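Hi everyone, thanks for coming. I'd like to walk you through one chain today, starting with the overall picture and then stopping at a few residues. Please have a look at the screen.

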Amino acid sequence: MGLRVLAAMSGGVDSAVAAARIAEAGHDVTGVHLALSANPQSHRTGARGCCTIEDSRDARRAADVIGIPFYIWDMAERFQRDVIEDFVAEYAAGRTPNPCLRCNEKIKFAAVLDRALALGFDAVATGHHARLVDGVLSRSVDPAKDQSYVLGVLTREQLSHAIFPLGDSTKAEVREEAARRGLTVADKPDSHDICFIADGDTRRFLADRLGSAEGPIVDETGAVVGSHQGAHGFTVGQRKGLRIDRPAPDGRPRYVLSIEPVSNTITVGPRAALEVTTITCGAPVWNGPRAHDDLTVQLRAHGEVYGCRFEELDGGLTVELDRPATGVAAGQAAVLYSGPTVIGSATIVSAA
């Protein structure tokens with residue numbers, strides 16, 4: 001007997017093919033598009049952004065081709081509170097958030113899953129490129145599109161009601177299948193960057209909400225080498241966009257080493273000063289077996305993977321890397337793997 005499955009349909013090719021596969025497998029599928037913007041634009045700007053009127057229409061057309069019921073759920077208020085306001089608050093506090101990770105945690109697998117279960121659905125299916133192997137989250141077979149990192153915050157209970165139909169396919173195979181099925185989104189560009197900042201200008205988006213406040217840019221000795229209009233416009237590891245008046249004595253580029261929102265100070269220095277091997281995190285979420293074989297950690301979406309060991313201490317997590325990493329920013333997630341399997345995640349607090 002098939003399951004009652006709610007298929008989250010963004011209007012893109014991945015979620016359309018995911019819904020089609022679940023329906024073809026004999027499950028009772030209903031498509032739902034999440035309206036996340038209170039004032040959606042009529043059209044996308046190239047591959048930027050999502051949640052437009054065009055996207056909702058693309059999702060509806062895909063549902064019609066698949067032959068499943070389709071609804072639009074208004075999640076704009078929840079998205080504004082749990083994702084956008086959180087994003088702004090994290091930057092104001094000197095941290096670098098990942099809004100896609102927060103959206104998965106708070107919207108797709110909290111608000112949507114809770115409502116789906118209350119309505120009698122058994123599971124939620126999405127177009128994420130990840131696998132569930134015996135109920136445990138694992139990497140996609142397509143390393144270039146793997147999204148297990150942004151799903152690493154999900155609990156075991158949430159994963160038990162999740163379906164990721166695309167994890168065993170490459171993106172090229174998904175597009176080919178969409179074309180065979182007659183889905184008009186087969187060649188639609190992927191959205192990228194931050195979906196609610198359609199023009200990609202994060203600094204301006206934050207300045208519009210947090211204002212501007214001139215502050216110093218200092219080097220490692222504390223000497224003022226430039227100025228800025230708001231500490232929220234920077235992230236650790238950043239090189240471009242620094243207003244530095246005094247070049248480094250050795251002529252080498254400088255990078256953001258730290259952000260101090262209280263004093264509104266940005267500290268810069270050489271790339272070598274960014275290297276860290278010890279990462280301190282908050283309380284972990286364990287969503288897989290705590291295996292200690294072939295342990296690695298990923299510190300950014302699509303970022304490098306580092307061999308590591310970890311220790312739970314005082315309710316948090318300390319991760320020791322087997323080689324230095326650079327650009328490790330507070331607010332990002334440290335997602336732990338054993339081989340391709342996700343075992344848990346935690347939010348980065350500091351690194352040294």
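Among contacts in the chain between residues at least 6 apart in sequence, what percentage join residues at least 24 apart? The figure is 66%, where a contact means heavy atoms within 4.5 Å.

A word on what you are looking at: this is a predicted model, so local features need pLDDT of at least 70 and side-chain atom pairs count only at pLDDT 80 or more, while totals for chains, interfaces and linings use all residues. Residues are numbered from 1 along each chain as its sequence is written, and side-chain values use heavy atoms, with hydrogens and water left out.

Let's begin with the whole chain. There are 8 helices and 18 strands; these are DSSP runs numbered from the N terminus, with H or I of at least four residues for helices and E of at least two for strands. Along the principal axes, the C-alpha atoms fill a box of roughly 70 × 50 × 35 Å.

How much of the chain is buried? Of the 352 residues, 51% count as buried. The cut-offs are under 20% relative accessible area for buried, over 50% for exposed, and partly exposed in between, with a 1.4 Å probe and protein chains only. The accessible surface comes to about 16,200 Å², and carbon and sulfur atoms account for 49% of that. Those areas come from the Shrake-Rupley method with a 1.4 Å probe, and for residues only the protein chains shown count as cover.

On charge, the chain has 37 positive and 45 negative side chains, and the centres of the two sets lie 4 Å apart. Lys and Arg count as positive, Asp and Glu as negative, and His and the chain ends are not counted. Each charge is placed at NZ of Lys, CZ of Arg, CG of Asp or CD of Glu.

Now the cysteines. How many disulfides does a search of the whole structure find? The search finds 0, with a disulfide defined as a pair of cysteine sulfur atoms within 2.5 Å. Take Cys-100: the nearest cysteine sulfur, that of Cys-195, is 6.5 Å away. Cys-100 is partly exposed at 41% relative accessible area, and Cys-195 is partly exposed too, at 25%.

Staying with helices, Lys-108 sits in helix α4, residues 99-118. Is Lys-108 buried, partly exposed or exposed? Lys-108 counts as partly exposed because its relative accessibility is 25%. Leaving out residues up to four places away in sequence, Lys-108 touches Leu-34, Cys-103, Leu-113 and His-128. Ala-8 is 100 residues from Lys-108 along the chain, yet their C-alpha atoms are separated by 8.1 Å.

Next, two loop residues. Ala-213 lies between α8 (202-210) and β8 (215-218), and at 38% relative accessibility Ala-213 is partly exposed. Its C-alpha is 5.0 Å from that of Gln-229, 16 residues away in sequence. Beyond neighbours within four places, Ala-213 is in contact with His-228, Gln-229, Gly-230 and Asn-264. Gly-222 is in the loop between β8 and β9 (224-228), partly exposed at 45%.

Most residues other than glycine have a negative phi. Asp-294, though not a glycine, has a positive phi of about 50 degrees, and His-302, also not a glycine, has one of about 60 degrees. Asp-294 lies in the loop between β13 (285-286) and β14 (295-298), while His-302 is in the loop between β14 and β15 (305-313). Asp-294 is exposed at 54%, and His-302 is exposed at 55%.

Last stop: Phe-310, in strand β15. Phe-310 counts as buried because its relative accessible area is 15%. Setting aside residues up to four places away in sequence, Phe-310 touches several others, among them Trp-286, Leu-317, Leu-336 and Ile-343.
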